Amino acid sequence: MQMTSAELTELMQDSAKNAVTTTHQEFNLDLDFSEQSINLVDDVILAWLGRYKDQALEENAVFTLCNIYGAYVGEIFKEKIGGVWTYDESNPEAPYVVLNYAGNNYAFAGICYQRLVNDSQISIKSYFDEAVANNLQ
C-alpha cells in the first residue's frame with residue numbers, strides 16, 4: 001500500500017531530523033537547516049566513507065544515508081521555495097521519492113547517492129543552488 005501525501009511528508013520530515021541526530025552522534029557536527037549547512041552535508045557524505053569504508057557502501061547503508069540527507073536538503077528547499085514530496089514511479093521496479101515544485105522533480109536523495117557511490121566531485125550544495133536559482137528567475 002502506498003503512503004498518503006501526508007504520510008510521505010511526515011516520513012521525509014522525520015528522515016531530515018534523523019540526518020541531524022545521526023550527524024551529531026557520529027561526527028559531532030550540527031546541521032541547523034540553513035542553506036550553509038548543506039556544505040556540511042557534502043562533507044559528511046564523504047566522511048561516512050572515510051569512517052566506515054566498504055560498510056558505508058552496503059545497500060542498506062547507502063539507501064539510509066542517501067534518504068536521510070536527501071530529505072534534509074529537500075526540507076531546506078521546501079522551506080525556501082516550496083514543493084511536495086512525491087513518488088516517482090516511472091520505473092515501477094525502483095520507485096523513489098522526489099520533491100516536486102512547479103512541475104519539476106528534484107531528486108535530492110539521488111544526488112546524495114551520486115556523491116556517495118559514483119563521484120565524490122559532485123556537489124549536493126551546487127545541485128541545491130541550481131534548483132533554487134531555477135525557481136527564482
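Trainee: Is Tyr 106 buried or exposed?
Mentor: Tyr 106 is buried, because its relative accessible area is 7%, and the cut-off for buried is under 20%. Keep in mind as we go that this is a predicted model.

Trainee: And what about Phe 108, buried or exposed?
Mentor: Phe 108 is buried too, with a relative accessible area of 1%.

Trainee: How are the rings of Tyr 106 and Phe 108 arranged?
Mentor: Their centres are 6.2 Å apart and their planes are at 25 degrees, so this pair is stacked. Planes under 30 degrees apart count as stacked.

Trainee: So what do I need to describe a ring pair in general?
Mentor: Two things: the distance of the centres and the angle of the planes.

Trainee: Which residues form an aromatic cluster with those two?
Mentor: Tyr 106 and Phe 108 form one aromatic cluster together with Phe 77, Tyr 101, Tyr 127 and Phe 128.

Trainee: How many aromatic pairs does the count come to?
Mentor: The count comes to nine aromatic pairs. One of them is Trp 48 with Tyr 52: the ring centres are 5.5 Å apart and the planes are at 25 degrees, so that pair is stacked.

Trainee: Where do Trp 48 and Tyr 52 lie?
Mentor: Both lie in helix α2, four residues apart, which is about one turn of the helix. Trp 48 is buried, with a relative accessible area of 9%, whereas Tyr 52 counts as partly exposed at 28% relative accessibility.

Trainee: Let's stay with α2. At what angle do α2 and α4 pack?
Mentor: Helix α2 and helix α4, which covers residues 108-118, pack at about 40 degrees, and their axes are 9 Å apart. That angle makes α2 oblique to α4. The crossing of the two is right-handed.

Trainee: Which residues of α2 and α4 meet there?
Mentor: From α2 you have Asp 42, Ile 45, Leu 46 and Leu 49, and they meet Cys 112, Arg 115 and Leu 116 in α4. By class, this contact of α2 with α4 has five nonpolar, no polar and two charged residues.

Trainee: Nice. What about α3 and α5, at what angle do they cross?
Mentor: Helix α3 (residues 59-80) and helix α5 (residues 124-136) cross at roughly 20 degrees, and their axes come within 11 Å. They are therefore roughly parallel to each other, as angles under 35 degrees count that way. The crossing of α3 and α5 is right-handed.

Trainee: Which residues of α3 and α5 meet?
Mentor: On the α3 side, Val 73, Ile 76, Phe 77 and Lys 80 take part, and on the α5 side Ile 124, Phe 128, Ala 131, Val 132 and Asn 135. The contact of α3 with α5 divides into seven nonpolar, one polar and one charged residues. Phe 77 and Phe 128 also belong to the aromatic cluster we talked about.

Trainee: I clicked on Lys 78. Where is Lys 78 found, and is it buried or exposed?
Mentor: Lys 78 is found in helix α3. At 19% relative accessibility, Lys 78 counts as buried, since the cut-off is under 20%.

Trainee: What is Lys 78 in contact with?
Mentor: Leaving aside neighbours within four places in sequence, Lys 78 is in contact with Thr 9, Gln 13, Gly 83, Trp 85 and Leu 99.

Trainee: And Tyr 113, where is its place?
Mentor: Tyr 113 is in helix α4, and at 36% relative accessibility Tyr 113 counts as partly exposed. Setting aside neighbours within four places in sequence, Tyr 113 is in contact with Val 62, Cys 66 and Asn 118.

Trainee: What about Ala 102?
Mentor: Ala 102 is not a glycine either, and has a positive phi of about 55 degrees. Ala 102 is found in the loop between β2 (96-101) and β3 (104-106), and is exposed, with a relative accessible area of 59%.

Methods:
Residues numbered from 1 in each chain as written. Predicted model: local features only at pLDDT ≥ 70, side-chain atom pairs only at ≥ 80, totals over all residues. Heavy atoms only, no water. Buried < 20%, exposed > 50% of the residue type's maximum accessible area, 1.4 Å probe, protein only. Axes fitted to C-alpha atoms, helices over the stretch in contact; angles between N-to-C directions. Parallel < 35°, antiparallel > 145°, perpendicular 65-115°, else oblique. Left-handed = near helix turned anticlockwise from the far one by under 90°. Contact = heavy atoms within 4.5 Å. Nonpolar A, V, L, I, M, F, W, Y, C, P; charged D, E, K, R; others polar. Phe/Tyr/Trp six-rings, centres within 6.5 Å; stacked < 30°, edge-to-face > 60°.
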